[in-house]
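Q: I'm new to this one and would like to go through it slowly, a piece at a time. Could you help me find my way around?

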Amino acid sequence: MKLFKKKWVTGLLTATLLGTTLVGCSSPANSSNAPKSEEGTIKKEVSKEEGVKEKGKEEKVLVWTNNRHDAEYMQQVVADFNKKHEGEINIEFVINTDNYINLITMGISSNQAPDIFCTMANQFDLKSFADSNIIQPLNPYITEEFKQIYDLKALSYEAINTLGEDIYYVPTAQRSGNRLIYNKELFQKAGIAAPPKTLPELVEMAKKITEVGGGVQYGVGMPGQSFAFSRLIEPSAQVSGVGPYDYVNGKYDFSGYKPFIEATRQMFTEGSMIPGAATMKVDPLRVQFSEGNIGMYSNASQEVGVLTDQFPAKMEWGVAEIPSLDGQIKGALSALPQVGWAMTTTVKNPEAAWKVIEYLSSLEVMVGYVEKGYSLPSSSVVMEKVDQSKISKLAEFGKKDYESVYPQFPQVTPQGKGWKDVLWEACLPTDMDIDKTLEELTKSYNEALDAEVKMGKVKRLIIKDYDPLNFSNSTYTYLNE
Amino acid sequence: MSTLTSGFNKYKSKLQNSKGIKGGWDIPLILMMLPTIVLLAVVSIYPFMWLLKYVFYDYNGFKTYFIGLDNFKRVFTNDPIYWKSVVHTFEYAFLKLLFTMPISLMVAVVLNHHLKGKNLFRIIFFIPTVISAAVYSLIFYFIYSPYNGILNNMLMEWGWITAPIDWLGSSAIAMSSVVIVAIWGGFGNYMILFLAGLQSISQEVYESADIDGASKVQSFFQITIPMLGPILKVVLLLAITTALKDYQSIMVLTGGGPLDRTQVMFLYVYQLMFGNENSAAGQLQIGYGATVGLVSSIIIGIATAVFLKLSKKLDNIY
Amino acid sequence: MMMEKLKERKASKLIGYGIIYTCLIILTLFTIYPILYVVFGSFKTNQELVLGGSNLLPTQFNFSNYIEAWKLANFGRYTLNSVFLSTMVMLGILIVSSMAGYCMARRDFFGKEFLYGLLISFMFINIGSVSLRPLFELAVKINLHKSLWGVILICIGMGQATNIFLVRGYMASVPKELDEAAAIDGCGFFQTFYIIILPVLKPILATVALLSFRGAWNEYILAQVFTMSNPAMRPLTAGVIALKSTGDGAAAWNIMFAGSAMSIIPILVIYLLASKYFMTGLTEGAVKG
């Protein structure tokens with residue numbers, strides 16, 4: 001019994017000791033005096049005038065990112081900056097991957113948010129973030145010099161990075177639209193000369209490849225557990241002029257998806273789809289492709305890095321345009337802006353923070369970023385400076401003239417599953433009635449849209465002169481009914 | 001045999017005659033209960049109340065919109081997925097307990113005896129419980145892989161199956177596959193609890209039973225089970241609560257699929273509140289998630305009450 | 001006669017052991033297979049690991065995975081953080097649950113059943129990660145949001161119900177005479193608990209210690225939020241889980257496997273230390289006095 005007691009005492013002592021050593025070195029607490037509204041959001045904080053740089057004092061700029069794949073390069077770039085600006089500005093570069101957006105909002109409410117953070121299209125709802133005073137417009141800081149690299153007019157996407165005149169982040173990189181990625185050797189083996197131009201051709205080719213594959217190689221792959229619908233089916237619908245939202249009438253309409261769902265279901269029932277696709281995550285799919293077991297799959301420019309460094313492809317692979325329903329391109333292919341640096345409202349020194357954004361978006365940093373193959377640049381000025389020989393494969397993903405950023409239609413939450421989940425499930429080989437499913441989906445989304453517009457949660461977007469191939473000259477009308 | 005029963009009865013009556021020492025709150029009692037009460041209030045009740053107010057709202061994490069009883073209307077009239085998930089939750093919990101409880105009890109009893117290598121076995125059976133669910137579920141995800149997966153390949157090499165099985169993608173077997181992972185990850189846990197419970201049984205009882213010529217099986221049913229009574233009840237209740245709340249591993253393995261076949265209550269709540277990591281991130285539905293969570297808690301509460309009632313009856317039998 | 005009977009018993013005993021060992025070995029294979037899969041998988045290249053196939057063993061042992069995992073997950077530092085966090089949670093839960101469990105088993109007081117009901121109810125209500133937000137906001141108010149102490153208190157609070165439950169259940173099998181004898185000897189309520197009951201509770205407390213230590217060891221979302229401005233304070237699990245997210249490219253599954261394999265070791269050591277107490281129960285003589 002004595003022994004028992006003694007052990008606990010030593011345990012306690014060790015623990016306390018450990019505690020003091022570990023906790024003792026945590027950084028001193030900043031006073032958290034951010035006023036808070038009931039929902040834990042910050043009321044407008046006038047911090048722009050405050051904290052003007054004191055001479056001779058090093059300013060710390062806290063930068064967050066959730067990208068780990070470019071970490072090595074970014075850390076090098078940050079170290080260069082810190083060395084050059086010693087005594088003036090010091091970047092603290094933190095990678096937070098899990099719960100990223102949650103962490104930012106919580107950081108704001110506890111006054112420990114980053115000064116600037118890396119973001120991309122659709123990572124958070126811009127309007128909510130702006131309304132809750134999490135981020136601030138960059139307009140007052142943007143210099144002429146910056147505008148010469150980044151064409152702000154072309155890079156402003158309403159409700160994605162811009163609200164009216166206010167621009168909240170300037171994307172430095174652009175993910176390409178999706179492409180069809182195919183195994184050249186399997187195409188040869190199946191006697192197929194060129195990648196498919198139409199969806200029925202794709203279905204046909206997938207079948208042929210599977211037939212000569214001898215139960216090892218399959219025609220096509222889609223990762224059922226990682227955004228399956230968005231990889232091949234949705235882009236193919238896009239270029240065929242089919243989308244979930246009827247911009248002209250300002251309501252949802254899913255009826256156009258039927259042929260795409262039927263084609264996918266056909267590939268399942270004909271066995272052209274790699275077994276297990278329904279529960280596959282994207283990485284196993286990539287590996288099976290790199291091993292030469294899959295004829296075709298679809299993804300955007302990030303696959304270059306994956307198929308050359310992470311899962312080096314063991315055969316020659318090609319990149320082709322996403323096939324449309326009938327070979328005609330009737331709609332734009334969605335290509336999303338990436339790697340933008342947003343400034344929070346709790347920034348300590350906005351001038352210093354802007355300098356950091358400017359540096360991270362500069363030619364110096366971005367050219368290297370693109371040459372490393374992390375992404376395509378959003379700026380043609382950057383692209384011109386890039387050594388093309390270093391990005392040969394990436395160049396195959398280069399911008400097509402029918403690629404664009406779609407106008408952000410109102411995002412509503414219907415009673416039931418999200419539309420991409422429903423549509424993907426309709427693709428699976430079951431006896432689910434496609435017409436009925438699409439009809440119900442349209443109905444539930446429009447009910448939700450009506451309800452949420454009424455509540456004032458969202459606004460109905462109507463584009464009377466909607467052109468599915470070109471959005472830059474459209475007139476946006478937002479309705480409260 | 002008769003000495004054994006009488007000896008045991010004597011021991012048992014000792015336990016039963018001991019009612020709690022009556023009395024109100026006094027200083028030592030207050031001091032000893034205070035941390036529990038404070039922690040309960042702060043860590044459990046407060047967040048629950050915080051959440052509860054949103055059952056009348058549409059809340060996406062930033063803004064609230066008062067919608068009255070719409071959330072309840074939706075749960076009860078227009079949410080077939082949820083009610084499917086309720087059935088699946090009980091199916092999952094039942095299957096999980098059906099296997100984990102007997103396995104862990106047997107293993108604990110066996111490893112409580114002087115057996116060669118028992119320490120090694122104890123360590124091995126414990127290892128799964130120290131691997132976080134997020135990681136071990138991924139391991140099984142790879143093992144189960146229908147295309148070129150190690151399990152399918154092995155079974156085919158042995159000639160047990162002729163074609164690969166889609167362990168997680170087929171509606172018919174996805175639930176079983178998920179339950180196997182749950183058994184793997186869970187039985188070590190309950191083994192530990194049972195081992196601890198077994199320590200409260202005096203070795204002398206077994207010795208006297210042995211002298212009386214009782215077989216191991218006999219002493220298991222006539223000594224171990226009754227003597228474990230209180231702790232058995234506790235472990236069972238714990239196991240039920242855990243099983244009904246499990247969702248992490250299912251989230252990694254199937255994400256609730258195929259076609260909601262493995263969707264369970266709290267995975268559904270999680271997806272409403274935090275979004276579905278496998279598909280497009282829609283708006284969060286915290287208000288509705290809170291409502292579903294509340295309804296689920298009530299359902300589980302009823303299940304517990306039934307269990308407690310039944311276990312009281314069990315007490316009377318022994 | 002006697003000899004034959006003994007022989008018969010011996011034979012049946014042998015058969016019994018045979019059955020027991022067969023079952024144990026089957027169970028061991030079932031348990032160990034995924035573990036071997038991680039351990040061997042952690043030496044594979046990412047491609048080989050994700051590819052599958054029927055080889056458990058890697059074609060080539062890549063020790064570099066471990067070096068990388070060690071570096072990326074900040075292993076040395078994070079392990080210390082984890083040990084600190086888990087030890088504190090364990091101690092907290094031991095203190096809280098042994099006291100409350102004892103009180104609830106041995107005393108009748110006003111509101112006991114209600115309190116007990118609340119405790120049980122909250123075992124069922126899983127708002128786990130949902131409670132993150134209100135708790136964090138509360139921690140900000142009392143300035144506990146920048147260290148692991150907030151995490152420790154929350155972990156104790158969340159883990160207490162189960163453990164109180166366990167202690168109370170175990171107390172039910174501890175004979176009342178122990179308390180009574182202590183009372184006759186002139187011990188107060190707390191003294192009885194401290195001097196007489198605690199040692200008797202050893203086996204269950206060892207279990208509680210182990211389970212609460214492990215629970216805290218696996219906790220990472222809370223810790224990640226509370227250390228967002230101070231990543232050096234993060235626990236190991238957060239580091240290991242983060243290994244799987246890589247942003248735009250593919251995940252480094254092999255590195256995560258290596259990290260996981262390493263992160264099992266410290267807690268297994270703890271288990272070995274704690275399991276000593278499982279062997280020694282009431283038999284040690286607590287019943288006899």
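Q: How many Å separate the centres of domain 1 of chain C and domain 2 of chain C?
A: This is a predicted model, and in it the centres of domain 1 and domain 2 of chain C, taken over C-alpha atoms, are separated by 34 Å. The domain assignment gives residues 2-41 to domain 1 of chain C and residues 77-284 to domain 2 of chain C.

Q: And what does the secondary structure of chain C come to?
A: Chain C has 13 helices and 1 strand.

Q: What share of chain C counts as buried?
A: Of its 289 residues, 55% count as buried. As for contacts within chain C, if you take those between residues at least 6 apart in sequence, 74% of them join residues that are at least 24 apart.

Q: What about chain A, how many of its residues are in contact with chain B?
A: For chain A the count is 26 residues, in contact with 25 residues of chain B. The elements of chain A that give two or more residues to this side are α4 (126-131), α11 (282-290) and α17, and α17(A) gives the most, with 3 residues.

Q: How do the residues on that side of chain A divide by class?
A: The side of chain A that touches chain B divides into 6 nonpolar, 14 polar and 6 charged residues.

Q: Staying with chain A, which domains does the assignment give?
A: In chain A, domain 1 is made of 59-176 + 336-399, and domain 2 of 179-244 + 253-334. Their centres, taken over C-alpha atoms, are separated by 32 Å. The contact between these two domains takes 12 residues from domain 1 of chain A and 9 residues from domain 2 of chain A, and the domain 1 side has 5 nonpolar, 4 polar and 3 charged residues.

Q: Let's look at some strands. Which strands does β12(A) pair with, and in which sense?
A: Strand β12 (residues 294-299) of chain A pairs with strand β8 (residues 179-183) of chain A in the antiparallel sense over 4 bridges, and with strand β9 (residues 218-220) of chain A in the parallel sense over 2 bridges. To find these pairings on the structure, look for Arg179(A) opposite Asn299(A) in β12(A), and for Val220(A) opposite Met296(A).

Q: Switching to helices, how far apart are the end C-alpha atoms of α18(A)?
A: They are 31 Å apart, which agrees with the 32 Å that the 22 residues of helix α18 (residues 434-455) of chain A should span at 1.5 Å a residue.

Q: Which of its residues are buried, and where do they fall around the axis of α18(A)?
A: The buried residues of α18(A) are Leu438(A), Leu441(A), Ser444(A), Tyr445(A), Leu449(A) and Glu452(A). Seen down the axis of α18(A), these buried residues fall within an arc of 140°, so they line one face of the helix. On the other side of α18(A), Asp435(A), Lys436(A) and Lys454(A) are exposed.

Q: What covers the buried residues of α18(A)?
A: The cover includes β11 (251-252), α10 (258-269), α17 (419-427) and β18 (460-462) of chain A.

Q: And what follows α18(A)?
A: Gly456(A) follows α18(A), and the phi of Gly456(A) is positive, near 85°.

How values were computed
Residues are numbered from 1 along each chain as its sequence is written. Chains are lettered from A and ligands numbered from 1 in the order in which they are written. This is a predicted model: local features need pLDDT of at least 70, side-chain atom pairs count only at pLDDT 80 or more; totals for chains, interfaces and linings use all residues. Two strands pair if DSSP finds at least two bridges between them. A residue is buried if 20 or more other C-beta atoms lie within 10 Å of its own, exposed if 12 or fewer, and partly exposed in between; C-beta atoms are placed from the backbone. Two residues are in contact if their C-beta atoms, placed from the backbone, lie within 7 Å. The expected span of a helix is 1.5 Å times one less than its number of residues. The arc is that of the directions from the helix axis to the C-beta atoms. Domain bounds come from an automatic or database domain assignment. Ala, Val, Leu, Ile, Met, Phe, Trp, Tyr, Cys and Pro count as nonpolar, Asp, Glu, Lys and Arg as charged, and the others, Gly among them, as polar.
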